[in-house]
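User: I would like to learn how to read strand pairing and helix packing in a model. Could you take me through the features one at a time?

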Amino acid sequence: MIERVPVLTIAGSDSSGGAGIQADLKTMTVLQVYGMSVITALTAQNTMGVREILPVSADFLWQQLCTVCEDIPPKAVKIGMIASAEQVQVICRILSQYAFSYVVVDPVMVATSGATLTQQETIAAMREQLFPLATLITPNLAEAEVLLGKPVQAVSEMEQAAKQLAKQYHTAVLIKGGHLTADAVDVLYDGTQGYQFKGKRIQTKNTHGTGCTLSSAIAAKLAVGCTLQESIWQAKKYVSSCMQAGLQLGHGNGPLCHNVGKESIE
């Protein structure tokens with residue numbers, strides 16, 4: 001008999017397959033958990049940008065969540081793009097009702113292409129209602145700046161930002177450094193202590209879906225019993241492997257190669 005730990009992604013659908021629900025499910029499959037999905041919005045997008053967004057109604061979002069959780073309650077939940085403040089309320093209801101072991105929130109606000117994905121009232125609802133229910137939030141530099149209202153331009157500022165956000169929302173915070181330094185540095189503050197995760201910089205424009213992939217990989221690793229630090233290290237290694245594979249698709253910021261060989265992620 002094969003056993004797989006169920007993990008749920010709540011996010012938007014990417015029609016080009018590189019980010020959102022599609023990236024999450026690919027990641028979860030490779031990392032050998034059972035991926036399930038609840039869709040917040042349909043998007044018409046490709047490697048060059050987001051053309052259109054069609055949000056799911058709050059009522060239908062609730063029906064998706066209840067239907068999944070009543071039958072196969074997930075061990076961990078990854079939350080990505082949220083299309084409205086009403087959706088935030090629905091998601092918080094299900095989180096409170098089921099008290100999942102792990103909740104990883106990737107506060108998606110801006111796409112890799114630069115398109116704005118989240119309205120201000122939705123961001124406000126996430127800050128007030130969702131973040132305090134999370135095990136971990138994973139903002140990139142641009143998202144951290146939105147949440148803090150000031151620029152974050154050095155590793156020392158990332159450390160201060162992670163600590164400030166962790167104390168504000170009573171959750172662990174991982175700030176993704178992206179292109180900030182020569183090394184790819186991410187900074188975690190877990191509520192009591194800070195950590196740096198350094199990785200080799202990979203020169204590529206094909207970074208579409210890296211944030212989605214990282215957060216879903218962290219959720220998958222937490223679900224199978226890894227510590228928060230271990231989950232981040234292994235997720236970061238997986239994302240690097242996906243980028244190093246050198247997949248070339250599309251005319252813009254291309255997607256990662258999620259189905260890398262097993263030997264490259266162990």
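User: Which residue in β3 is the bridge partner of Q45?

Analyst: Strands of a sheet pair through backbone hydrogen bonds, either parallel or antiparallel. Here the bridge partner of Q45 is V50 in β3, where two strands pair if DSSP finds at least two bridges between them, and strands (E, at least two residues) and helices (H or I, at least four) are DSSP runs numbered from the N terminus. Strands β2 (residues 34–46) and β3 (residues 49–55) run antiparallel and are joined by 6 bridges, with a hairpin of 2 residues leading from β2 to β3.

This is a predicted model, in which local features need pLDDT of at least 70 and side-chain atom pairs count only at pLDDT 80 or more, while totals for chains, interfaces and linings use all residues. Residues are numbered from 1 along each chain as its sequence is written, and side-chain values use heavy atoms, with hydrogens and water left out.

User: What is the order of the strands in the open sheet?

Analyst: The 9 strands follow the order β3-β2-β1-β4-β5-β6-β7-β8-β9, with mixed pairing. β3 and β9 (194–199) are the edge strands, each pairing on one side only.

User: At what angle do helices α1 and α7 pack?

Analyst: Axes are lines fitted to C-alpha atoms, for helices over the stretch in contact, and angles run from 0 to 180 degrees between N-to-C directions. Helix α1 (residues 20–30) and helix α7 (residues 210–223) pack at about 45 degrees, with their axes 8 Å apart. The two helices are therefore oblique to each other, given that angles under 35 degrees count as roughly parallel, over 145 as roughly antiparallel, 65 to 115 as roughly perpendicular and the rest as oblique.
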